[in-house]
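Trainee: Before I use these labels in my own work, could we go through them one by one and see what each rests on?

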Amino acid sequence: MKNEKSKMKNEKQEKRPDETGGEAMDNAEAAADVQTDGDGGEEKAAPEPGESEIKQAAIDALTDRLQRTMAEFDNFRKRTAKEMAAKYGDGVRDTIEKLLPVVDNLELALVSIEDKESPVYKGVEMIFRQTNRILCDMGLEPLPGEGEPFDHNCHNAVEVAGEDGEGNGEPVVAEVLRKGYRYRDKVVRPSMVKVRK
């Protein structure tokens with residue numbers, strides 16, 4: 001019986017260092033793994049050393065992707081606005097080209113009417129002026145006429161007159177046979193002219 005008591009006592013003494021030492025070690029490890037907030041309450045496990053770098057790399061990648069997408073959209077918006085303006089200009093130019101024969105016919109009608117005081121002449125003249133005003137408001141400009149230096153970009157020479165006597169050799173517009181027009185620095189229709197040297 002004495003032997004049994006001494007055995008139990010030895011077992012308790014052997015257990016005590018293991019239990020206290022082992023439990024203390026486990027508690028210290030658990031406390032090291034848990035972060036506490038300012039109030040002392042447990043919040044979450046501490047992040048592993050590389051986790052924050054991985055998150056920052058993901059944030060950087062997404063930020064870069066967003067910036068690229070925004071830049072592409074801005075370029076697309078600018079390109080679309082430029083294309084729309086070009087299409088509008090082309091549409092106006094096409095409309096003007098189709099209206100120019102009407103303007104030419106109105107001008108010929110004014111020349112052919114002998115009685116300048118007749119109501120027909122005054123009516124045609126009003127229509128001609130109104131049409132010209134509308135076309136000018138749209139941005140149409142007549143090309144330079146008589147006495148101007150000949151420019152092959154905006155003049156179409158159909159006849160050459162004699163020498164002007166000055167002998168400088170530079171071609172000059174002697175007479176405009178059909179008016180030419182320009183829209184926004186682009187020639188819609190070149191002038192048909194008679195040139196003298």
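Mentor: Let us begin with contacts, keeping in mind that this is a predicted model: residues 24 or more positions apart account for 59% of the contacts in the protein chain with a separation of 6 or more.

Trainee: And which helices and strands does the protein chain have, and in what order do they come along the sequence?

Mentor: The protein chain holds 3 helices and 8 strands, and read along the sequence they follow the pattern α-β-β-α-α-β-β-β-β-β-β.

Trainee: How do you know which class C136 and C154 belong to, buried or partly exposed?

Mentor: The same cut-offs decide both cases. C154 has a relative accessibility of 4%, which is under 20%, and therefore C154 counts as buried. C136, with a relative accessible area of 46%, lies between the 20% and 50% limits, so C136 is partly exposed.

Trainee: What makes the count of disulfides come out as it does?

Mentor: A disulfide requires a pair of cysteine sulfur atoms within 2.5 Å, and by this rule the count comes to 0.

Trainee: What makes β4 and β5 the edge strands of their sheet?

Mentor: The sheet in question is an open one of 3 strands, in the order β4-β8-β5 and with mixed pairing. Its edge strands are β4 (155-160) and β5 (172-178), each of which pairs on one side only. Neighbouring strands of this sheet are turned by 40° against each other on average, with direction ignored.

Trainee: How do you know that β5 and β8 count as paired?

Mentor: Pairing calls for at least two bridges between the strands, and 5 bridges join β5 to β8 (residues 191-196), so the two count as paired, and they run antiparallel.

Trainee: Finally, what do the totals say about burial and surface for the protein chain?

Mentor: Of the 197 residues of the protein chain, 16% count as buried, while the accessible surface comes to about 15500 Å², of which 53% belongs to carbon and sulfur atoms.

Conventions:
Residues are numbered from 1 along each chain as its sequence is written. This is a predicted model: local features need pLDDT of at least 70, side-chain atom pairs count only at pLDDT 80 or more; totals for chains, interfaces and linings use all residues. Side-chain values use heavy atoms; hydrogens and water are left out. Helices (H or I, at least four residues) and strands (E, at least two) are DSSP runs, numbered from the N terminus. Axes are lines fitted to C-alpha atoms, for helices over the stretch in contact, and angles run from 0 to 180 degrees between N-to-C directions. Buried means under 20% relative accessible area, exposed over 50%, partly exposed in between (1.4 Å probe, protein chains only). Contact means heavy atoms within 4.5 Å. Accessible areas come from the Shrake-Rupley method with a 1.4 Å probe; for residues, only the protein chains shown count as cover.
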